[in-house]
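Subject: Handover of a protein structure

Dear colleague,

Please find below the sequence and the structure that I am handing over to you. I would ask you to keep both open while you read the notes that come after them.

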Amino acid sequence: MDTIEKAIIKGETVLLENIGETVDPVLDPLLGRNLIKKGRAIKIGDKEIEYSPNFRLILHTKLANPHYKPEMQAQTTLVNFTVTRDGLEDQLLAEVVKAERPDLEELKAELTKQQNEFKIQLKKLEDDLLSRLSSAGENILGDTALIENLEITKKTAADIEKKVTEAKVTSHQIDQAREFYRPAAARASLLYFILNDLNSINPIYQFSLKAFSVVFQKAISRAEPAEEVSQRIKNLIDCITYSVFQYTSRGLFECDKLIFASQMTFQVLLMSEEVSPAELDFFLRFPIKPHVTSPVDFLSNHSWGGICSLASKDEFRNLDRDIETSPKRWKKIVEMECPEREKFPQEWKNKTALQRLCMLRALRPDRMTYAVATYIEEKMGSKYVEKQDSRI
């Protein structure tokens with residue numbers, strides 16, 4: 001309280017960190033700005049102290065979605081510093097363009113500054129004109145200075161409008177050039193939020209945005225150069241993805257590395273629309289049809305429940321009937337040492353990689369660890385399932 005009192009008198013800034021959902025009632029007069037009418041004093045506790053207009057109070061919380069009293073929300077200005085995926089994507093896009101095309105980024109910054117100056121200039125002209133009009137006498141047309149000022153304002157506004165139109169065209173061209181690099185920024189933003197969610201596996205997995213930005217910038221500098229922009233962007237995406245994967249994997253327990261690699265693979269494929277969200281959801285939850293009896297000796301009742309559940313979907317229609325009518329072919333697959341690397345019989349071999357994973361989850365759930373690793377290798381490359389180098 002002594003610190004706060006001194007800050008109020010001197011007009012300094014006070015920061016209260018990591019507050020909860022309630023604030024000490026002693027701060028209520030301060031939050032409500034309950035100044036004493038006889039002067040610029042405020043009553044804090046039992047004391048009356050002089051209130052400086054320069055005083056600032058900043059309350060900070062780490063709570064993701066705090067619920068404060070309505071009056072507190074009315075008394076304070078709320079600033080949300082939570083990183084959003086789109087917001088981070090735009091930040092990272094600026095970083096990529098700054099590294100790849102510094103000329104574009106400088107020109108965009110200059111244009112933004114110029115546009116702001118134009119707005120300020122127009123506002124000043126409007127305010128000056130309104131001020132002159134309000135102070136003019138009854139005969140406005142006879143006020144030569146006012147008419148001259150009006151003409152100057154009109155001419156200046158027309159010039160600014162012309163420059164703003166030209167700047168918009170240039171800005172549009174710059175944005176089009178910058179958009180080429182958006183896929184790299186979008187991939188990096190996606191990866192950060194995958195990292196951010198790892199604490200749901202284990203609370204010790206905490207990754208800072210600042211450290212992630214360092215890895216991201218190093219990846220840009222290490223990416224293979226290319227003459228074609230499209231190839232360069234592909235190289236950037238590959239290098240960013242693998243650098244973040246290496247950086248993250250080094251800090252994970254061995255048992256969690258495959259979970260991270262598979263989550264990263266599924267999210268990347270969802271983003272590129274290579275897998276169906278409904279199919280992925282079905283694979284992860286994998287509902288089992290209860291109280292069924294397996295008609296074949298090489299599948300348990302539980303596995304047959306999974307087959308029946310699959311057969312209820314259009315993509316796997318008649319799977320249960322095919323296993324019943326051709327048990328030898330399916331028994332051969334089920335009893336193989338590495339069924340995840342074998343082809344399924346007949347038309348089932350033409351299914352997508354994710355659909356094959358769904359079938360294998362029902363037929364050989366004990367091989368799912370290896371099957372998922374094979375899937376990651378197929379979609380992302382063998383380097384994502386090999387033992388990692390210790391370097392960044």
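This is a predicted model: local features need pLDDT of at least 70, side-chain atom pairs count only at pLDDT 80 or more; totals for chains, interfaces and linings use all residues.

In general, rolling a probe the size of a water molecule over the atoms shows where empty space is left. In this model, the largest pocket has a volume of about 1400 Å³. Its lining is made up of 35 residues, and those closest to the centre are Leu59, His60, Thr61, Val79 and Phe81. Two or more lining residues come from each of α2, β5 (56–59), α3 (70–75) and α7 (182–196). The strand β5 gives the most, with 4 residues. Sorted by class, the lining of the largest pocket holds 21 nonpolar, 10 polar and 4 charged residues.

The second largest pocket contains about 620 Å³ of space. Here 30 residues form the lining, and Lys257, Leu258, Ile259, Thr369 and Val372 lie nearest the centre. At least two lining residues are supplied by each of α9 (229–249), α10 (254–271), α11, α12, α15 and α16 (368–380). Which helix gives the most to the lining of the second largest pocket? That helix is α10, with 9 residues. By class, this lining divides into 17 nonpolar, 8 polar and 5 charged residues.

The two sides of helix α14

Helix α14 spans residues 327–334. Its buried residues are Trp330, Ile333 and Val334. These residues lie on the same side of α14, because they cover an arc of only 95 degrees around the axis.

Two buried glutamates

Glutamate 340 is located in the loop between α14 and α15 (353–363). Is glutamate 340 buried or exposed? Glutamate 340 counts as buried, because its relative accessibility is 15% and the cut-off for a buried residue is under 20%. Setting aside neighbours within four places in sequence, glutamate 340 is in contact with Leu360, Arg367, Tyr370, Ala371 and Thr374.

Glutamate 105 belongs to helix α5, which runs over residues 102–135. Glutamate 105 is buried, with a relative accessibility of 15%. Residues up to four places away in sequence are not counted in what follows: glutamate 105 touches Ala94, Val97, Lys98 and Arg178. The side chains of glutamate 105 and arginine 178 make a polar contact of 3.2 Å. Lysine 168 is 63 residues from glutamate 105 in sequence, and their C-alpha atoms are 15 Å apart in space.

Two residues with a positive phi

As background, most residues other than glycine have a negative phi. Asparagine 18 has a positive phi, near 55 degrees, and is not a glycine. Where is asparagine 18 found? Asparagine 18 sits in the loop between β1 (13–16) and α2 (28–31). With a relative accessible area of 48%, asparagine 18 is partly exposed.

Phenylalanine 286 is not a glycine either, and its phi is positive at about 45 degrees. This phenylalanine lies in the loop between α11 (277–285) and α12 (301–311). Phenylalanine 286 is buried, as its relative accessible area is 6%.

With kind regards

Definitions and conventions
Residues are numbered from 1 along each chain as its sequence is written. Side-chain values use heavy atoms; hydrogens and water are left out. Buried means under 20% relative accessible area, exposed over 50%, partly exposed in between (1.4 Å probe, protein chains only). Contact means heavy atoms within 4.5 Å. The arc is that of the directions from the helix axis to the C-beta atoms. On a 1 Å grid over the protein atoms alone, a cavity is a set of points where a 1.4 Å probe fits but cannot get out, and a pocket is an open set with protein on both sides within 12 Å along at least five of seven lines; lining residues have an atom within 4 Å of a point. Grid points are joined across faces, edges and corners, and a volume is the space filled by probe spheres set on the points. Ala, Val, Leu, Ile, Met, Phe, Trp, Tyr, Cys and Pro count as nonpolar, Asp, Glu, Lys and Arg as charged, and the others, Gly among them, as polar. A polar contact is a pair of N or O atoms within 3.5 Å; within protein, one must be able to donate a hydrogen and the other to accept it, and residues adjacent in sequence count only if both atoms are side-chain atoms.
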